[in-house]
Amino acid sequence: MSNFGNLIMNENMKIFRRPRTWIMLSILALISLLMPVLLKEGMGSSEVPYWQAAITTVQIVFFLNTIFCVVIAAEAVAGEFTWGTIKLLLIRPWSRSKILASKYLSVIGFSILSTLLVVILATVMSYMLFSHSVTPDGSGASASHAFALWGYLYVDLFITLAIAFMVSSVFRSGALAIGLSLFIMFTQNLFSLIFNPVRYEWAKYVLFNNMDLSRYMNSAADYGLLGGDGNAGMTLGFSIAVLAVYYVIFMLISWVVFNKRDVAG
């Protein structure tokens, strides 16, 4: 176990030794702090509940957070082949499974760190700039709604990272992994519209229709300044089960290909 811990530490050192990693984290931190200020100036009022402002800020910044995390995931494996360091890694007394697992856990660790950075800074700045009072009718955003929505956002990120990591492992191309992940991010809603489960029964098993779990929140549009859509007759448990199946498939493909790949050439 200690050897595996050292392996994870080694992978984290690779990530955080790169200047661009700190640049990406700095950009996320700056935008998370700046966005509530822009929201306050744009609305011309600070009477909006701070949880609502925090939710909106995280929703906006999370798109960039996903892109940065995908970049890290895309180069986790592909970068070793690009730089020619994969052979040096494989001659060490570690199994390929442990090497792949350490890389994946390091990617997940980075995604958790960046997500916490965005959430904490957005919440703190919103708390400082916006109202702490509750609306007269008791409606509006709250801590429970905020953390539920952020949890759903992270699930979307989690699956996107699994796709990027799989493509990186299978095709050894960081550019392809980044490109495909960005394509999924930009076209997710479009494919959900085309393959609507209301019209096609089989479409409820399509990955795109299950990634946005925030649709299962009651009146999701009321908890942020960004809109949401319905659940198309599907349940939260069903979507989680579908995502779990896809996740296992992605990880299995990554593991099989990485363990069978010949790097002697």
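Tutor: Start with a term: a nonpolar patch is made of residues with over 30% relative accessible area and no salt bridge, with nonpolar side chains joined within 5 Å. Keep in mind also that this is a predicted model.

Student: Which residues make the nonpolar surface patch of about 590 Å²?

Tutor: One of its residues, Ile 120, has its place in helix α5, residues 96-129. The patch covers about 590 Å² of surface. Its residues are Ile 112, Leu 116, Ile 120, Val 124, Tyr 127 and Met 128.

Student: How is α5 oriented relative to helix α8?

Tutor: Helix α8 spans residues 236-260, and its axis lies 9 Å from that of α5. The two pack at an angle of about 135 degrees. Angles under 35, over 145 or from 65 to 115 degrees have other names, so α5 is classed relative to α8 as oblique.

Student: What is the hand of the crossing of α3 and α6?

Tutor: Helix α3 (residues 50-83) packs on helix α6 (residues 143-171) at an angle of about 15 degrees, with the axes 9 Å apart. That angle makes α3 roughly parallel to α6. The residues of their contact comprise 23 nonpolar, six polar and one charged. The crossing of α3 and α6 is right-handed.

Student: How far apart along helix α1 are Lys 14 and Glu 11?

Tutor: The structure holds four salt bridges. In one, the side chains of Lys 14 and Glu 11 meet at 3.4 Å, N to O. Both belong to helix α1 (residues 2-16) and are three residues apart, so their separation is about one helical turn.

Notes:
Residues are numbered from 1 along each chain as its sequence is written. This is a predicted model: local features need pLDDT of at least 70, side-chain atom pairs count only at pLDDT 80 or more; totals for chains, interfaces and linings use all residues. Side-chain values use heavy atoms; hydrogens and water are left out. Axes are lines fitted to C-alpha atoms, for helices over the stretch in contact, and angles run from 0 to 180 degrees between N-to-C directions. Helices (H or I, at least four residues) and strands (E, at least two) are DSSP runs, numbered from the N terminus. A crossing is left-handed if the near helix is turned anticlockwise from the far one by less than a right angle, and right-handed if clockwise. Ala, Val, Leu, Ile, Met, Phe, Trp, Tyr, Cys and Pro count as nonpolar, Asp, Glu, Lys and Arg as charged, and the others, Gly among them, as polar. Patches are made of residues with over 30% relative accessible area and no salt bridge: like charges are joined within 9 Å, nonpolar side chains (Val, Leu, Ile, Met, Phe, Trp, Tyr) within 5 Å. Accessible areas come from the Shrake-Rupley method with a 1.4 Å probe; for residues, only the protein chains shown count as cover.
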